[in-house]
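I opened the notebook to go through a structure chain by chain. These entries record what I looked up and in what order.

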Amino acid sequence: MKRKRTIFAALVIIFLAIIGFTFSQKSSAKADSRIKIVFWHEMTGPGQVQLNKFVKEFNDSQNKYVVVPQFEGNYNEAVQKILNTHGTSTSPALFQSMDISTSQIYNSGYTTPVQKFIDKEGYDTSKISAVARAFYSKNGTQLSMPFNTSQPVLYYNATLLKKYGITPPPVNPSYSDITRVATELYQKSGKKVKGLSVEIYGWLFEQFLANGGESLANNEDGHSGVPTSVNFSGTVATKTMKWLQENIKSGAFMNFGAGSSASANEMAAFLSGKLGMFLQSSADISQLTAGTKDKLGITYYPHADGQKSNGVSIGGASLWISNDKSSEVQQGAWNFIKFLMNAKNQATWQVATGYLALNKDSQDEPVLKKLYKSQPEAKVPGQQLRRTKPNNTNSGIFMQGLIQERTLTQTAMEQIYNGSNIKNSLVEAQKAMNSYITSDNLANKVNQK
Amino acid sequence: METQAKNPNFNIASKKKKSAELSLGYNPYAKDKLYAVLFLGPSLLILALFVFYPMLRTIYLSFFLTNNLGKPTVFVGLKNYFALFSSNAYINSLIATLVYVIAVSIFTIAIGLVLAQAATKKVAGINFFRTIFSATMGVSVSVAAIFWLFIFNPSVGLLSQLFTALNLTPINWLTEPGWAMTAIVISTVWMNLGFTFLIFFGALQSVPYTLYEAAQIEGVSKSYQFFHITLPMISPTIFFVSIITLIESFKSFGLIDLMTAGGPNNATNLLVYRIYQDAFLNGNYGLASTESVILAVIIALFTFIQFKVLEKRVTY
């Protein structure tokens with residue numbers, strides 16, 4: 001008994017010593033007289049590693065500011081955290097927030113538009129991708145700085161297509177180009193390999209509409225005013241859903257469902273050669289090239305037959321400066337944004353993560369040139385981004401409640417993939433979204449503004 | 001206070017004290033009240049702060065529309081409630097939740113009982129099986145989800161490979177509404193089994209062996225013994241487990257979030273998951289509060305019914 005007690009006491013002492021040690025370590029690290037810029041981000045995996053490297057380089061490069069990165073979990077939850085902590089001592093000076101939260105963050109009135117700093121310093125924004133900038137601006141004012149940016153693209157397994165003697169899809173494919181490749185692959189493989197998978201993902205639904213030049217929300221996708229209704233059942237949407245439904249029924253396309261498990265399953269199937277093509281974010285490139293020896297092919301996002309592609313918008317997140325911090329802190333946050341956007345860092349960012357380099361000068365950086373040499377297909381998403389001329393239908397949807405919109409369109413897609421009537425499913429989702437918009441606008445009193 | 005009443009000596013002592021105080025002109029119960037406040041105060045304070053206030057706030061919010069900062073802005077009375085009950089999606093969620101809760105409860109209890117009964121047999125290596133049967137208690141939800149996702153994977157998963165090997169068409173476990181619910185029920189039952197098994201196993205051990213000996217002397221069959229000795233003797237445990245399982249399955253979240261995210265076509269969008277989506281994804285705190293109030297009422301109702309109906313069947 002006594003011995004047990006001695007052991008227990010010893011353990012307690014060791015435990016306390018460890019705690020004390022860690023705390024003393026922390027407090028010594030905190031002894032930094034520089035201005036603290038708390039930076040909230042939601043990057044995981046290689047993105048987080050590279051971001052932390054950038055932070056360290058920035059902190060070492062000057063002695064006025066110190067950026068403190070803090071990981072805040074997933075995009076969706078981060079939005080609520082940002083809004084609920086504003087004005088408190090824990091709130092961030094600089095934060096990363098996802099593409100579809102743009103309107104919500106802007107309407108909160110909690111941020112200083114980066115345009116203020118652009119004007120003050122005469123910062124040359126023409127170097128930054130126009131499509132990406134357009135997504136995060138309102139009436140010509142840059143609200144936030146686009147950061148991790150991806151494009152939806154079509155991936156295909158070039159080795160697999162070659163094995164069955166199938167001509168790969170063209171650079172800018174139409175729906176019927178894809179159907180041909182998918183059907184041939186499905187048939188020639190003895191129905192063992194599925195042709196295409198389009199994950200049930202609202203982002204992809206939005207991109208089909210963008211590429212077809214069809215507005216999802218009224219008031220020109222919210223770019224000319226607060227949207228009061230949505231249109232899920234237009235020509236392009238119906239055409240696209242019909243295309244998907246028919247091919248899922250024939251067996252050429254595969255339905256992996258919705259959510260994180262769907263994209264994981266899709267990726268697993270592609271990497272194991274059971275799936276020939278799929279639509280997904282360009283940010284997956286590094287994972288795809290690392291995961292298989294097969295040659296990877298990439299083309300532009302498909303468009304409906306008989307029409308030109310309008311170009312797709314972007315996905316990812318942007319960087320915002322909170323207005324509840326002193327102007328000195330805000331300046332520091334802006335300096336860090338500028339640091340991240342320089343040509344060299346943007347090139348490094350693309351090589352490390354697969355997100356696109358937004359600075360036009362990055363294309364001349366040696367790191368990026370080296371990547372293109374070893375993986376020529378990695379050029380495609382950037383080319384797709386640069387060829388697109390931003391207009392109101394391909395610059396994102398400036399509307400609150402886009403998370404709800406995605407949930408509803410995904411439900412409609414689930415119904416359609418399982419064989420329901422296309423029009424009914426789309427109209428049902430549309431009705432639900434319209435009533436959501438009505439009460440959301442009422443609650444936020446946006447119409448009275 | 002209760003211990004005072006039960007302890008006669010203490011009572012006498014306090015009475016003596018009280019009479020002494022009485023003569024001095026004190027209120028005899030003032031001190032008791034002071035003690036009551038002193039002892040109950042801290043716990044009441046904590047409860048008020050973390051249980052009663054949030055509860056009342058939830059009810060309050062359920063009558064409002066909230067803006068994108070989560071602040072109540074427009075009073076709508078019972079409109080949120082009407083909106084929910086007239087929405088097909090919500091009614092579907094209610095039905096799905098009932099199906100899920102009932103299926104999970106029944107299978108968990110039945111399989112748990114069978115496993116526990118089997119584990120009471122004294123055969124070689126039984127300790128190994130006892131450990132295995134209760135092992136899921138040590139598995140976290142996220143690990144279980146990854147494990148089951150691998151089994152249900154449509155192209156490289158264990159089940160689809162098995163089906164292909166047997167020349168059967170593989171089932172799209174997580175993308176077809178009916179199968180998705182089945183998959184979620186299977187995973188949840190598996191998760192729950194460890195705990196249920198352990199509780200039942202403990203209960204079976206406590207059934208007096210003499211009863212079985214008497215039954216054997218009477219020459220009664222094994223199944224008769226099970227239904228007429230074992231079941232009645234462990235009925236309080238079954239009652240306890242059924243309530244716990246029921247409430248737990250009403251509240252289940254992790255497996256659904258990780259495996260189906262409420263899909264396909266809202267087939268597994270259970271009440272709690274819907275609340276999470278509305279509150280923390282859509283920022284619609286008013287509607288989410290309404291849903292929480294409804295869920296609380298439903299759970300209370302079920303527990304009440306269980307107490308009324310099942311308690312009568314509990315033998316002692």
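**Entry 1. Model type.** I noted at the start that this is a predicted model.

**Entry 2. Domains of chain A.** I looked up how chain A is divided and found domain 1 (32-149 + 315-376) and domain 2 (152-313 + 385-444). The centres of domain 1 of chain A and domain 2 of chain A, taken over C-alpha atoms, are 28 Å apart. Their contact takes 20 residues from domain 1 of chain A and 22 residues from domain 2 of chain A. On the domain 1 side, I found that helix 4 (102-108) and helix 6 (130-135) of chain A are the elements that give two or more residues. By class, I listed that side of domain 1 of chain A as 8 nonpolar, 10 polar and 2 charged residues.

**Entry 3. V230(A).** I located V230(A) in the loop between helix 10 (218-221) and helix 11 (235-250) of chain A. Is V230(A) buried or exposed? V230(A) counts as buried because 25 other C-beta atoms lie within 10 Å, and the cut-off for buried is 20 or more. I then listed its contacts, leaving aside neighbours within four places in sequence: L216(A), A217(A), E405(A), Q430(A), M433(A), N434(A) and I437(A). I also checked V230(A) against Q383(A), 153 residues apart along the chain, and their C-alpha atoms are separated by 31 Å.

Entry 4. I looked up the UniProt record, an unreviewed entry, which places the feature "transmembrane region" at residues 34-56, 89-116, 128-151, 179-204, 225-247 and 292-310 of chain B. I checked two of these against the model. Residues 89-116 of chain B are 100% helix and 0% strand, with the end C-alpha atoms 39 Å apart. Residues 292-310 of chain B are also 100% helix and 0% strand, and there the end C-alpha atoms are 26 Å apart.

**Entry 5. Contact between the chains.** How many residues of chain B are in contact with chain A? I found 30 residues of chain B in contact with 33 residues of chain A. On the chain B side, strand 1 (64-66), strand 2 (72-75) and helix 14 (271-281) each supply at least two residues. The largest share, 3 residues, comes from helix 14 of chain B. By class, I listed that side of chain B as 13 nonpolar, 16 polar and 1 charged residues.

Terms used:
Residues numbered from 1 in each chain as written. Chains lettered and ligands numbered in written order. Predicted model: local features only at pLDDT ≥ 70, side-chain atom pairs only at ≥ 80, totals over all residues. Contact = placed C-beta atoms within 7 Å. Helix = DSSP H or I, 4+ residues; strand = E, 2+ residues; numbered from the N terminus. Nonpolar A, V, L, I, M, F, W, Y, C, P; charged D, E, K, R; others polar. UniProt positions renumbered as here; feature names shortened; annotations may be inferred. Buried ≥ 20, exposed ≤ 12 C-beta atoms within 10 Å, placed from the backbone. Domains from an automatic or database assignment.
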